[in-house]
Amino acid sequence: MSYVRLASSAALAALLASFATSCAGGRDTGGSACGECGPFTSCCEQPDGTHSCVRTSDSPTHCGTCGNACASGRCMSGMCVGGSGDGGSGFDSGPTGMCSPSCSSAQRCCGTSCVDRSVPTGTDGRTSSSFTNCNGCGLTCNMDKASACSAPSGMSGPPRCMCGTFNECTGSDVCVTSSSGGFQCVNLSTDTHNCGEIGHECGEGELCSGGSCVCGGTGASCPTGQACCGGSCIDVSTDPDNCGSCGNACGDQGTSCMDGACRCGSGPGCTPAAGTALGQLCCADTCVPQDASNCGGCGMACADGESCALGMTLTGTMDICCTTVAIPGFPSFCLGGGFGDAGIFPSLDAGI
């Protein structure tokens, strides 16, 4: 004959009272807020979209902060620690299972198979057996928040789930490949290279807001064929001030933009200046060489005895008329004539 031990009415009442008060305000069926949570608890969103008061000091799904789930399934003092097989210390206690032959020191025995303990820090270890057995058999890293099970460089302690060279991502951040080829934690709500989802890159000039690409105050991304230039959507296939990309002005090399390329009349854009070469200017829809007759602009002729050169001024390089160049080549300082060195050597410009 078996017996069931019944709790005293007073103990049962206390137990029921503890359940009733474990979350002050209870669960919010409207899914908006918890009401007033008790001490040392936070209002966290649950998988079903509702909110409840959670003690983040030991919650494996909200460890330390809402949304920080421990891969090991164990949370102590607001920090994730290792799971089964570590004696509750957070450190790997060694191989378990029955493997024959025995595993090497770089592996652990899980069941009847040897699995890797970790991979080098910063490498992609998502396909390694260590990723699904990180610091304990069956302790799987989160594919969205970690790139490998590694031992942090320069830090003591066991291998752990990491994103590149840092601990795994927390909260709403996800672990993605960075532009340098490594890994980093990003927020899908604000990252322009991963806006709303991994790999979704915003267009030129656009920002990521709330997981959507937006251009300035428009609240939306630019249509196909347009780019966000200065907060406005511009058709870069036809705009001569933003031809092909934002800020690429055709200038003296073309009078129009067609299919994202500068045009001079019915022909292609003229050759820009480069190095010591003066290039060409688009004059009357025709490309003409830049020389003493057209220096810095169509019809801008140099004075007698002057030649056209690329000079260096306080504001950068420009086309100028010179009598003598101090240092042959580019860039150069003009020692006199025309508007010369733009005031760097005013006495020489004045003929003093």
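**Disulfides, sheets and loops**

Mentor: Let us begin with Cys295 and Cys308, which are joined by a disulfide with an S to S distance of 2.2 Å. A disulfide here is a pair of cysteine sulfur atoms within 2.5 Å. Please note that this is a predicted model: local features need pLDDT of at least 70, side-chain atom pairs count only at pLDDT 80 or more, and totals for chains, interfaces and linings use all residues. Residues are numbered from 1 along each chain as its sequence is written, and side-chain values use heavy atoms, with hydrogens and water left out.

Trainee: What handedness does the link of Cys295 and Cys308 have?

Mentor: The link of Cys295 and Cys308 is right-handed, with 80° about the S-S bond. Cys295 lies in the loop between β20 (286-289) and β21 (307-313), and Cys308 lies in strand β21, so the pair ties together parts that are 13 residues apart in sequence. Strands (E, at least two residues) and helices (H or I, at least four) are DSSP runs, numbered from the N terminus.

Trainee: Are Cys295 and Cys308 buried or exposed?

Mentor: Both Cys295 and Cys308 are buried. Buried means under 20% relative accessible area, exposed means over 50%, and partly exposed lies in between, with a 1.4 Å probe and protein chains only.

Trainee: How many disulfides does a search of the whole structure find?

Mentor: The search finds 21 disulfides. Another of them joins Cys37 and Cys53, whose sulfur atoms are 2.1 Å apart. That link is left-handed, with -85° about the S-S bond. Cys37 lies in the loop between α1 (9-21) and β1 (42-45) and Cys53 in strand β2 (residues 51-54), so this pair ties together parts that are 16 residues apart in sequence.

Trainee: And what is the relative accessible area of Cys37? What about the relative accessibility of Cys53?

Mentor: Cys37 has a relative accessible area of 22% and is partly exposed. Cys53 has a relative accessibility of 11% and counts as buried.

Trainee: Which residue does a disulfide join to Cys134?

Mentor: Cys134 is joined to Cys149, with an S to S distance of 2.2 Å. The torsion about their S-S bond is about 80°, so this disulfide is right-handed. Cys134 lies in the loop between β6 and β7 and Cys149 in strand β7, so the pair ties together parts that are 15 residues apart in sequence. Both Cys134 and Cys149 are buried.

Trainee: Turning to the strands, what is the order of the sheet that contains β7?

Mentor: The order is β7-β8-β9, an open sheet of three strands with antiparallel pairing. β7 and β9 (166-167) stand at the edges with a single partner strand each, so one side of each is left without a neighbour in the sheet. Two strands pair if DSSP finds at least two bridges between them. Three bridges join β7 to the antiparallel strand β8 (residues 160-163).

Trainee: Which residue in β8 is the bridge partner of Cys149?

Mentor: The bridge partner of Cys149 is Cys161.

Trainee: And what order do the strands take in the sheet with β16?

Mentor: They take the order β16-β17-β18 in an open, antiparallel sheet of three strands. β16 (256-258) and β18 (267-268) are the edge strands, each with a single partner, so one side of each has no neighbour in the sheet. β16 and β17 (residues 261-264) run antiparallel and are joined by three bridges. Within β17, Cys262 is the bridge partner of Cys257.

Trainee: Now the loops, please. Where is Ala146?

Mentor: Ala146 is in the loop between β6 (113-116) and β7 (148-150). Ala146 is buried, with a relative accessible area of 1%. Leaving out residues up to four places away in sequence, Ala146 touches Arg126, Phe131, Cys141, Cys161, Met162, Cys163, Glu168 and Cys175. Contact means heavy atoms within 4.5 Å. The C-alpha atoms of Ala146 and Cys185 are separated by 8.8 Å, and these residues are 39 residues apart along the chain.

Trainee: What is the phi of Asn135?

Mentor: The phi of Asn135 is near 65°, a positive value in a residue other than glycine. Asn135 is also in the loop between β6 and β7, and is buried at a relative accessible area of 6%.

Trainee: Is Ala284 buried or exposed?

Mentor: Ala284 is exposed, with a relative accessible area of 76%. Ala284 has a positive phi of about 55° although it is not a glycine, and it is found in the loop between β19 (280-283) and β20.

Trainee: Lastly, which residues does a cis peptide bond join?

Mentor: A cis peptide bond joins Ser100 and Pro101, with omega about 0°. Pro101 is in the loop between β4 (79-81) and β5 (107-110).
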